[in-house]
Amino acid sequence: MAQLDDSPLGAWLERTITDRFTQRGLAVSAIHRTPFPHIGSYDCERVTVEIDGHEGIELFLKDYAHSRQSKDQPLQRRIRELGVYSELLDGAGLDTPECYGSISDAEHDRFWMLLELVDGEVVEEVDSRNGTPAVEWLARMQAHFLKRTEDLERCGFLQDHGEAHFLRKAADARRDVAQLAPASADRLAPVLELYEQSVSVMVGQQASLVHGGYIPWHIFIDRARDPARVAVVDWELAARGSPLYDVATFIDDAAPALQTELVRVYRRAAQQHGVPLPEDHELRVTIAYCRLHRVIDWLSRSAEKGRSEKKITSLVKLAERRHDELAAEL
């Protein structure tokens, strides 16, 4: 087989694929690479592997060298996602894309990952059809890692959703709003006061693996399988923390009636898999706190994202609405 190219990436890719398929008793006859449509921040490629002269397997190459979006702690994000795939998801039986190989070399700025290209449709919006398998998968994943707390604790690359994490977000939001939208600072103050009181609730559950960005377009569903396969990607924000964090993120933009339905589906699945949850009222309050946190997190990165005063003012108004919704639950 002719070498793909003599670049470090091309050489690594050819070596990784050849070694992996040779271990399976398969002969690689050709490897084809084409750009993948920009679905995220990084350059990606579709890699087609020919086995014995026939196109056989489609893979997905992610190159972390450059991001099209501003990201806080980009190096830690890369290391985190690579670590999640190699140290936590590999062999977990959770239907996440199989990782065929990865490299994390900060000295040479080489961060590459080769994944199975998942069949199925990306979830574009939260509805009953997509929401039910997505929250059921969350319960299954969380149950798996609740039994593996030592594995999570040894993974220093994970974020820690402890008190310090949430209080730092509040401090950063207070700072950015005061600097960039000072007219909104007084309005944000009571929101942050309630938010800071909520931290003990958000960290009160037994910690499991948290995806950290459990939004629709990070979820693929292959309904050609029975049961349908739910394949979750993009683990840059993975953490140890409350199982309800991802639930809150996923249902955040859904209509209230659908939120109630999906929480009910999630509770049923959590009970089935043995995920301990608080009683209904505390569960609703915790989810409301986590939804408020999502807005505080956006505000905390206002300077980094270069947000305008108008946009920050709009986010403060959203935080006020979340504050009022939460206060009504208390």
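## Burial and overall form

Of the 330 residues in the protein chain, buried residues make up 51%, a figure that belongs, like every value below, to a predicted model. The accessible surface of the chain comes to about 15500 Å², and 47% of that surface belongs to carbon and sulfur atoms.

The secondary structure of the protein chain comes to 11 helices and 11 strands. Its radius of gyration is 21 Å, close to the 20 Å that the globule rule gives for 330 residues, so the chain is as compact as a globular protein of that length. Along the principal axes, the C-alpha trace spans about 65 × 45 × 35 Å. When contacts between residues at least 6 apart in sequence are considered, 71% of them join residues that are at least 24 apart.

## Aromatic pairs

How many aromatic pairs does a search of the whole structure find? The search finds seven. One of them is formed by F21 and Y100, whose rings are stacked, with 5.8 Å from centre to centre and 20° between the planes; the pair counts as stacked because planes under 30 degrees apart are classed in that way. F21 lies in helix 1 (residues 8-23) and Y100 in strand 4 (residues 99-105), so the pair ties together parts that are 79 residues apart in sequence. Are these two residues buried or exposed? F21, at 1% relative accessibility, counts as buried, and Y100 counts as buried at 9% relative accessibility, given that the cut-off for burial is under 20%.

F36 and F60 form an aromatic pair that is edge-to-face, with 5.1 Å from centre to centre and 90° between the planes. Because F36 lies in the loop between strand 1 (28-35) and strand 2 (42-51), while F60 lies in strand 3 (residues 54-67), this pair ties together parts that are 24 residues apart in sequence. Both F36 and F60 are buried. Elsewhere, W137, Y214, W235 and F250 form one aromatic cluster.

## Arginines over the stacked rings

Which residues lie over the rings of F21 and Y100? The charged end of R20 sits over the ring of Y100, at 5.1 Å from the centre of that ring, whereas R24 lies over the face of F21, at 5.9 Å from the ring centre.

D297 has its place in helix 9 (residues 280-300) and is buried, with a relative accessible area of 14%.

## The surroundings of L89

L89 is placed in helix 2 (residues 74-89), where it is buried with a relative accessible area of 5%. Once its neighbours within four places in sequence are left aside, L89 is in contact with V84, L94, T96, F145 and W235. Among these contacts, W235 is also one of the residues that form the aromatic cluster with W137, Y214 and F250. L89 and L330, by contrast, are 241 residues apart in sequence and 37 Å apart in space, taken from C-alpha to C-alpha.

Methods:
Residues numbered from 1 in each chain as written. Predicted model: local features only at pLDDT ≥ 70, side-chain atom pairs only at ≥ 80, totals over all residues. Heavy atoms only, no water. Phe/Tyr/Trp six-rings, centres within 6.5 Å; stacked < 30°, edge-to-face > 60°. Helix = DSSP H or I, 4+ residues; strand = E, 2+ residues; numbered from the N terminus. Buried < 20%, exposed > 50% of the residue type's maximum accessible area, 1.4 Å probe, protein only. Lys NZ or Arg CZ within 6 Å of the ring centre and 35° of its normal. Contact = heavy atoms within 4.5 Å. Rg over C-alpha atoms; globule rule 2.2 N^0.38 Å. Areas by Shrake-Rupley, 256 points an atom, 1.4 Å probe, with all protein chains shown as cover.
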